[in-house]
Amino acid sequence: MSFVHKWVPGSGSGGRTLLLLHGTGGNESDLLPLGRVLDGDANLLSPRGKILEHGMPRFFKRLAEGVFDQQDLKFRTAELAEWIASAAKQYQTGPVTAVGYSNGANIAASLLLSGQATEFDRAVLLRAMTPFEPEVLPDLRGKRILMLNGTHDPIIPPDNSKHLAALLTKAGADVDLRWTNTGHGLEQGEIVEASEWLRTNMEKDQPR
Ligand code: MLT
């Protein structure tokens with residue numbers, strides 16, 4: 001079990017890592033510039049999704065837009081969780097924050113909802129929707145999640161994102177769901193919001 005990936009060591013002495021999960025058609029290089037803007041000092045760890053949809057990498061199969069192959073999602077979520085755990089050891093990542101966009105945000109949400117987000121306590125979900133309906137909610141107390149969504153996103157229905165936020169909150173996570181008057185693409189202002197959120201949450205993590 002391995003993933004094509006990039007590891008970019010950070011300049012900071014703090015030893016923290018952003019786990020970058022790209023959207024459909026992206027790859028392991030795609031989100032590196034975003035990661036660097038979000039956190040100038042963090043290590044960056046960025047795997048490439050193994051599914052190819054008409055040549056476009058993804059993290060799990062879908063049957064149609066917004067309709068996910070649940071069996072594959074389950075398998076791919078467990079596979080990614082295992083890889084993240086081994087990469088965290090190999091690279092000595094320190095605290096990890098997941099940052100996912102679109103399909104990458106959806107697999108991050110799947111890791112959280114399936115209780116397999118053991119390597120990260122923070123997540124920035126950019127344009128995420130509900131990947132599956134959990135039969136039993138995991139215990140997500142202590143997890144902090146920022147969700148940034150577009151009110152006019154043609155791919156991610158707002159009610160679906162609200163449902164995901166409600167599930168994560170019910171599971172005990174501290175969820176900050178924010179909306180921008182835009183579509184599926186990210187706005188510059190949202191990137192600023194995400195980096196501020198990361199900084200604030202890093203400060204919360206400092207030992208007193
Ligand atoms: C998905 O398939 O995960 C979502 O529809 C978002 C995307 O288009 O990748």
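Me: His54 sits in the loop between strand E4 (51-53) and strand E5 (56-58). Is His54 buried or exposed?

Reply: This is a predicted model, in which local features need pLDDT of at least 70 and side-chain atom pairs count only at pLDDT 80 or more, while totals for chains, interfaces and linings use all residues. Residues are numbered from 1 along each chain as its sequence is written, and side-chain values use heavy atoms, with hydrogens and water left out. Buried means under 20% relative accessible area, exposed over 50%, and partly exposed in between (1.4 Å probe, protein chains only). With a relative accessible area of 79%, His54 is exposed.

Me: What is the phi of His54?

Reply: Most residues other than glycine have a negative phi. His54 is not a glycine, yet its phi is positive, at about 50°.

Me: What distance separates the end C-alpha atoms of helix H4 (residues 158-170)?

Reply: The expected span of a helix is 1.5 Å times one less than its number of residues. For the 13 residues of H4 this gives 18 Å, and the end C-alpha atoms agree, being apart by 18 Å.

Me: Which elements do the buried residues of H4 pack against?

Reply: The buried residues are Ser161, Leu164, Ala165, Leu167 and Leu168. They cover an arc of only 160° around the axis, so they are on the same side of H4; the arc is that of the directions from the helix axis to the C-beta atoms. On the other side of H4, Asp159 and Lys170 are exposed. Contact means heavy atoms within 4.5 Å, and the buried residues pack against helix H3 (103-113), strand E9 (120-126), strand E10 (144-150) and strand E11 (174-180).

Me: How much of the area of the ligand does the protein bury?

Reply: Residues around the ligand (a heavy atom within 4 Å) include Phe60, Ser102 and Ile155. An oxygen atom of the ligand is 2.5 Å from an N or O atom in the side chain of Thr24, and for Arg58 the corresponding distance is 2.8 Å. A polar side-chain atom of Asn103 lies 2.9 Å from an oxygen atom of the ligand. Taken alone the ligand exposes 260 Å² (Shrake-Rupley method, 1.4 Å probe), of which the protein buries 96%.

Conventions. Helices (H or I, at least four residues) and strands (E, at least two) are DSSP runs, numbered from the N terminus. A polar contact is a pair of N or O atoms within 3.5 Å; within protein, one must be able to donate a hydrogen and the other to accept it, and residues adjacent in sequence count only if both atoms are side-chain atoms.
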